[in-house]
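Please examine the structure shown below.

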Amino acid sequence: MTVNPAGAIATASSPSPLNGPPPRRRTGPPDVHTTPRGLALRLATDPAAVGRARRTAAGALRHWGVPDTAADDIVLMVDELVTNAIEHAAGPVWLRLWLRRGRCVICQVGDGCHETPQPRPSDPDAENGRGLLLVAALADALGTRVTTTGKITWFRRRVRDGRLPAPRTAPAVDY
């Protein structure tokens, strides 16, 4: 608490016109950052994080007005890439998703492993091993980029030939 020259009492938490506006409040957990056309999410290296990534991506796509058929495919691809990152990589895992020019969605999943994922043929009765093949089939483009801290696996998917309408005013929510 401080007293100004006029004798008024001010507390440290009250905004002062001299100090500028109060800091913006984040909505949602500290590991989620959303913009009108973008989403960034830090994920735990726990299988339960896959469901969180799916729900958060679905909410953002719905908010951006992405058609349901494209949104379902994108959520499935997010699920596959996040699952691979959690199962096969070390270090932090994160997801970035954004709507580019109202026409396509770009997804990046980062992790701490420097090895690039390779699609592999799997036995017809196997429970896993087809994720990257599925993503490659559904995406317009797919790739991996090795970084100093690990790698980024990304895909791009066109959601509409024309521009999507402006997103609704409410921010995307982490469900």
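Predicted model: local features only at pLDDT ≥ 70, side-chain atom pairs only at ≥ 80, totals over all residues.

## A glycine in strand β7

G143 counts as buried because its relative accessibility is 14%, where buried means under 20% relative accessible area, exposed means over 50%, and partly exposed lies in between (1.4 Å probe, protein chains only). This glycine belongs to strand β7, residues 141-146; helices (H or I, at least four residues) and strands (E, at least two) are DSSP runs, numbered from the N terminus. With residues up to four places away in sequence not counted, G143 touches I152, T153 and W154, a contact being heavy atoms within 4.5 Å.

Residues are numbered from 1 along each chain as its sequence is written, and side-chain values use heavy atoms, with hydrogens and water left out.

## Overall fold

The protein chain contains three helices and eight strands, which follow one another along the sequence as β-β-β-β-α-α-β-β-α-β-β. Of its 175 residues, 37% are buried. Among contacts between residues at least 6 apart in sequence, 61% join residues at least 24 apart.

The chain exposes about 10,700 Å², of which carbon and sulfur atoms supply 55%; accessible areas come from the Shrake-Rupley method with a 1.4 Å probe, and for residues only the protein chains shown count as cover.

## The nonpolar core

The largest nonpolar core has 34 residues, and those with the most contacts inside it are L61, I74, V78, L97 and F155; such a core is a set of buried Ala, Val, Leu, Ile, Met, Phe, Trp, Tyr and Cys residues joined through side-chain atoms within 4.5 Å. At least two residues of this core come from each of β4 (38-43), α1 (48-64), α2 (68-88), β5 (93-100), β6 (104-111) and α3 (131-138), and the largest share, ten residues, is supplied by α2.

Leaving aside residues up to four places away in sequence, F155 touches I74, M77, V78, L81, V105, I106, C107, V135, A139, A141 and L142. C107 counts as buried because its relative accessibility is 0%, and C104 is likewise buried, at 10%. The structure holds zero disulfides, a disulfide being a pair of cysteine sulfur atoms within 2.5 Å.

Q108 lies in strand β6 and counts as buried because its relative accessibility is 11%. Beyond residues up to four places away in sequence, Q108 touches W94, L95, R96, W98, R145, I152, T153 and W154.

Two of these contact partners, W94 and R96, also form a charge-over-ring arrangement, in which R96 lies over the face of W94 at 4.0 Å from the ring centre; the criterion is NZ of Lys or CZ of Arg within 6 Å of the ring centre and within 35 degrees of the ring normal.

## Exposed loop positions

R101 sits in the loop between β5 and β6 and counts as exposed because its relative accessibility is 57%. Although R101 is not a glycine, its phi is positive, at about 55°. Most residues other than glycine have a negative phi.

P36, in the loop between β3 (32-35) and β4, counts as exposed because its relative accessibility is 55%. P36 and H63 are 27 residues apart in sequence, and their C-alpha atoms are separated by 8.6 Å in space.
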